[in-house]
Amino acid sequence: MSEFHSDLRNLDVANPARWKLLTATAATGLAMAAMPIASQAQEAPKGELSGRTAFITGGARGIGLGCAQELAKVGANIVLYDIASNINGIHYPLATLDDLNNAKATIEAEGVRCLAIQGDIRNSDQLNTAMQQTVHEFGSLDFLIANAAVYQIGLLDQLPEDEIQLVIDVNLAGTIKTVQVGAPIMREQKGGRIVIISSVGARAGNPRSPVYCTTKWGVIGLAKSTALIYGKYDVTCNAVCPATVNTVMMNNERTVKHELALGADGNWDMVEELTRRQHPLPVGVLEPRDIGKTVKFLCSEDAALVSGEAIDVSAGRTANWPT
């Protein structure tokens, strides 16, 4: 990858007062910002991505945290950005402040620096403040992992209008805003990697989650368009499409019984069995770090010429699908 510019190290933060809105006091039990550089006693781990910085939305748990762990393992400093609160209209629990705090501790245990920021991808101002803080703290924004999303179940003619709009606002518009804020920073640096987390739901329709699938098809279009726009600045952009992953988004009663159509007696063991039958490879439900490994590859030098792609991580499930 080409130079990730040191000239951004002197970038002034547009509105430092906003940082306080994104950080909690010690009484909350959440350290929202990384410790000052001078207080970091441990040396950063030596690895391929040592000294680089990854900004990950939806980073408090699930696939976002799995990506953070894999990138931290090879030396990248991490910014975890997460709403860390529930949203009305989403019928399963979202991450909490405790989840975000615990994720930060997990990443710091890898020996890298970690900044944890509570924020909403639907809000461009919050995203901009968080990414400017990232550059101020670490000197660059090298990897942008647009992972945050919500899941919705319901037949198309039965979905409430407000819930339809909510999923579009988070999954599609929120991802667009994330890239819209981050890509210009990478353009100025003359380099960077953007990875958007899509879904195998973007490869074929699903009658029980039609709006979710629509948004995940949409972000593949965003990835391809971004690759075309920013390629001249040595910025790559790709989408990753996971199959079923063991996250709270999937591993909850509503999703198991209704979206996966397992009925009143449905449980996670049945999901595991069903998934094994769907996969040509001898594996069942995937784990978040399985997705993180593909994201890590796309951030590596080995993937320098991979851009504009939608890459399935499905244990072969999508091998005979036409798109």
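Which hand does the crossing of H2 and H9 have? The crossing of H2 and H9 is right-handed, a term used where the near helix is turned clockwise from the far one by less than a right angle, with anticlockwise giving left-handed.

## Model and confidence

This is a predicted model, in which local features need pLDDT of at least 70 and side-chain atom pairs count only at pLDDT 80 or more, while totals for chains, interfaces and linings use all residues. Residues are numbered from 1 along each chain as its sequence is written, and side-chain values use heavy atoms, with hydrogens and water left out.

The protein chain has a mean pLDDT (the predictor's confidence in each residue, from 0 to 100) of 88, and 85% of its residues reach 70 or more. Over residues 1-42, however, pLDDT stays under 50, and the model has 83 contacts beyond four places in sequence for this stretch, a contact being heavy atoms within 4.5 Å.

## Helix H2 and its partners

Helices (H or I, at least four residues) and strands (E, at least two) are DSSP runs, numbered from the N terminus. Helix H2 (residues 62-73) and helix H9 (residues 288-298) have axes that come within 7 Å and cross at roughly 50°, which makes H2 oblique to H9. Axes are lines fitted to C-alpha atoms, for helices over the stretch in contact, and angles run from 0 to 180 degrees between N-to-C directions; those under 35 degrees count as roughly parallel, over 145 as roughly antiparallel, 65 to 115 as roughly perpendicular and the rest as oblique. Among the residues that meet are Gly62, Ile63 and Gly66 in H2, and Pro288, Arg289 and Ile291 in H9.

Helix H3 (residues 97-108) also packs with H2, at an angle of about 20° and with the axes 9 Å apart, and the two are therefore roughly parallel to each other. In this contact, Leu65, Ala68, Gln69 and Ala72 of H2 face Ala103, Thr106 and Ile107 of H3.

## Helices H4 and H5

Helix H4 (residues 124-138) packs with helix H5 (residues 161-189) at an angle of about 35°, their axes being 9 Å apart, and their crossing is right-handed. Residues of the contact include Leu127 and Met131 of H4, together with Val181 and Ile185 of H5.

## Aromatic pairs

Three aromatic pairs are found in a search of the whole structure, where rings of Phe, Tyr and Trp (its six-membered ring) pair if their centres lie within 6.5 Å, with planes under 30 degrees apart counted as stacked, over 60 as edge-to-face and the rest as tilted. One of them is the tilted pair of Phe55 and Tyr81, at 5.4 Å centre to centre and 35° between the planes. This pair links distant parts of the chain, since Phe55 lies in strand S1 (residues 53-57) and Tyr81 in strand S2 (residues 77-82), 26 residues apart.
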